[in-house]
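Please walk me through this protein model.

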Amino acid sequence: MREKWILEMKKGDFAGIAKELGVSPLLVRCMLNRGLADKEQMRRYLEGTLADLHNPFQMKDMEQAVELLCEAREKGKRIAIASDFDCDGIFSGYILWKCFERLGMESHIYTPDRVREGYGLNERIVDEALEDGRELLITCDNGIAANEAVAYAKEKGMTVIVTDHHEVQEEMPMADAVIDIKRPDETYPFRGLCGAGVAFKLVSALYDTCGIPAEEKDELLEYVAIATVADVMELRGENRILVKYGLKALSHTKNIGLRALLQVQGLEGSVINTGHIGFTLAPCFNAAGRIATVTQSFSLLMETDWKEALAKAEELKEINEERKSMTERGAAQAFSIMEKKWEQEKEIPSVVILLLPDTHESLVGIIAGRVKERYGHPVIVFTRTGEGAVKGSGRSIEAYHMFQELMQCKDLMLRFGGHRMAAGMTLLEENLPELERRLNENAMLTEEDFRPVVHIDAPMPIGFATEKLIQEFQKMEPYGVGNPKPVFAEQHFRILRGQRLGRERNVLKLRVENDKGNQCDALYFGNMDDFEKFVCEEWNEAELARMYEGRENKLDVALTYFPTINEFQGIRTVQIQVLNFCHIER
């Protein structure tokens with residue numbers, strides 16, 4: 001489906017604000033496009049520090065939770081940390097474990113079995129914690145929907161603190177303290193934290209109360225950064241500050257396990273960015289919780305011996321490689337089903353429901369994301385779990401609030417939880433047709449909602465992309481969801497030549513020239529088949545061949561791009577990273 005290119009047209013005093021902030025008007029325009037409404041918000045965006053983080057005691061139940069933990073410390077109570085098996089859960093649990101270790105409190109992390117038990121706190125964890133002599137149970141990245149398990153723990157005499165960031169369902173659990181930024185009565189100024197961010201806020205409050213130096217709290221920021229990026233949280237407000245400082249710490253981490261993982265992934269000595277987390281580090285931790293055991297992730301983080309850490313890091317890397325292969329097989333099956341659906345029904349339903357009976361249940365969310373990206377529809381992928389049940393994971397689009405829509409079908413669910421853009425659920429397979437019927441009957445989506453939208457910050461001829469301007473864009477980092485890289489566009493480029501690069505020949509390098517005669521190299525990392533199909537449909541195969549041969553051709557393409565600097569043998573030149581392409585008639 002052809003993308004919809006939208007030029008952002010927000011108005012403002014670009015020149016005046018730029019002069020006051022000491023930046024270019026173009027940077028001001030980019031910040032306005034990201035929802036920064038005034039000069040002060042822009043200043044915090046550009047210059048925000050850890051001092052700008054909100055007081056954790058502004059969160060509901062924070063005081064109660066700190067009091068309970070201080071009392072537990074005084075009485076020598078043993079702590080049970082009920083974590084989750086994804087990256088956010090892993091690092092939430094590790095942050096709390098590190099905190100309790102620093103305070104001299106004995107704690108142990110308990111996680112559910114992904115296949116046999118599914119997400120969240122359960123009675124088995126409570127029983128195991130009690131058998132280990134633990135009197136206080138604290139959840140992280142889960143618990144807000146575990147009303148029955150929390151009630152069970154309370155019946156058994158445990159003190160229970162819930163820390164979470166997921167949506168409240170009908171009612172909150174009856175814990176001794178519930179810290180969740182999605183509470184309906186929450187007044188905390190920022191509600192976009194991940195589970196590790198909430199755990200960090202609790203640790204911050206606890207450290208302040210116990211007189212622990214601030215720099216020790218800051219040592220936890222790298223774990224918050226990994227979890228925030230891995231959980232695809234918006235890099236706005238506090239998240240932007242937490243990730244910014246966490247990335248700095250991660251590039252020089254003292255954690256032996258993380259250092260080992262950086263080495264085996266070829267990132268030792270690199271300046272770590274959000275891409276390294278999202279595509280290299282986080283998948284290794286997630287993979288252990290998906291197809292092996294989450295204890296391997298915790299074991300790596302807690303390792304103090306370098307040789308052991310290297311061995312464990314290599315093991316996580318191998319697990320992730322296996323996960324990649326399994327995902328590719330599952331995605332190929334999903335795409336095949338979608339193609340058959342299209343051939344038979346000639347249209348795609350508003351909400352896509354797919355059953356992949358033999359796919360590992362931990363991969364259905366990743367596969368749902370792949371299908372959503374290709375077709376632009378909300379997608380829920382299910383797999384069989386035995387005893388007539390199916391487990392599914394959904395990924396949504398901006399126009400569809402998946403959690404709210406699924407809440408209307410909660411009577412069909414055995415287990416359920418999620419938020420606007422993603423959800424997980426278990427139900428009887430016999431109820432799948434009814435779920436699909438209801439979701440599609442209730443969906444108020446139009447064809448426009450399914451078209452991928454490309455937001456363009458400004459039209460900019462490549463001649464304006466100077467090294468000085470590119471360096472200024474670094475002030476906008478870290479990039480990610482909610483704070484994407486700036487996107488610029490120019491309508492008419494001649495392609496002087498093209499070539500495929502890389503071991504798998506999956507990178508396209510072009511030499512392009514605009515109407516003013518400015519030339520530069522352009523790199524495209526997207527789907528090569530899509531680009532070649534575009535050229536053949538708009539022109540023909542002969543023109544594609546001429547492009548690859550460096551001969552004169554008729555190609556005239558519009559590009560969206562982000563400018564970068566290429567350095568080779570000490571020579572620095574401006575190049576562009578191509579994001580999207582189309583043909584605009586002159």
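Does Glu303 count as buried, partly exposed or exposed? Glu303 counts as buried, at 14% relative accessibility. Buried means under 20% relative accessible area, exposed means over 50%, and partly exposed lies in between, with a 1.4 Å probe and protein chains only.

This is a predicted model, where local features need pLDDT of at least 70, side-chain atom pairs count only at pLDDT 80 or more, and totals for chains, interfaces and linings use all residues. Residues are numbered from 1 along each chain as its sequence is written, and side-chain values use heavy atoms, with hydrogens and water left out.

**Salt bridges**

A salt bridge here is a side-chain nitrogen of Lys or Arg within 4 Å of a carboxyl oxygen of Asp or Glu. The count by this rule is 36. Three of these pairs are listed below.

| Pair | N to O distance |
|---|---|
| Lys312 and Glu303 | 2.6 Å |
| Arg236 and Glu234 | 3.1 Å |
| Arg451 and Glu448 | 3.4 Å |

Arg451 is partly exposed at 24%, and Glu448 is partly exposed at 38%. Elsewhere, shared partners link Asp411, Glu434, Arg437, Arg438 and Glu441 into one salt-bridge network. Arg236 is partly exposed at 33%. Glu234 is partly exposed too, at 41%.

**Asn239**

Glu234 also meets Asn239. Its backbone oxygen lies 2.9 Å from a polar atom of the Asn239 side chain. A polar contact is a pair of N or O atoms within 3.5 Å; within protein, one must be able to donate a hydrogen and the other to accept it, and residues adjacent in sequence count only if both atoms are side-chain atoms. Asn239 sits in helix α11 (residues 237–250). Asn239 is buried, with a relative accessible area of 1%. Contact means heavy atoms within 4.5 Å. Beyond its neighbours within four places in sequence, Asn239 touches Phe190, Gly192, Leu193, Thr228, Met233 and Glu234.

Helices (H or I, at least four residues) and strands (E, at least two) are DSSP runs, numbered from the N terminus. Two strands pair if DSSP finds at least two bridges between them. β5 (residues 159–164) and β6 run parallel, joined by 4 bridges. Ile161 has Ala177 of β6 as its bridge partner.

Helix α4 (residues 62–75) buries Met62, Ala65, Val66, Leu68, Leu69, Cys70 and Ala72. Their cover includes β2 (79–82), α5 (87–102), β4 (136–139), β5, β6 and α8 (195–210). Just after α4, Gly76 has a positive phi of about 70°.

**The mixed sheet**

A further open sheet of 5 strands runs β7-β8-β9-β11-β10, with mixed pairing. Its edges are β7 (352–355) and β10 (413–418); each has a single partner strand, so one side of each has no neighbour in the sheet. β7 and β8 (residues 379–386) run parallel through 4 bridges. Val352 pairs with Val379 of β8 as its bridge partner.

Helix α16 (residues 364–375) packs on this sheet, touching β7, β8 and β9 (389–395), and its direction makes about 45° with that of β9. Helix α18 (residues 432–442) lies across β7, β8, β9, β10 and β11 (422–428), at about 165° to β7. Axes are lines fitted to C-alpha atoms, for helices over the stretch in contact, and angles run from 0 to 180 degrees between N-to-C directions.
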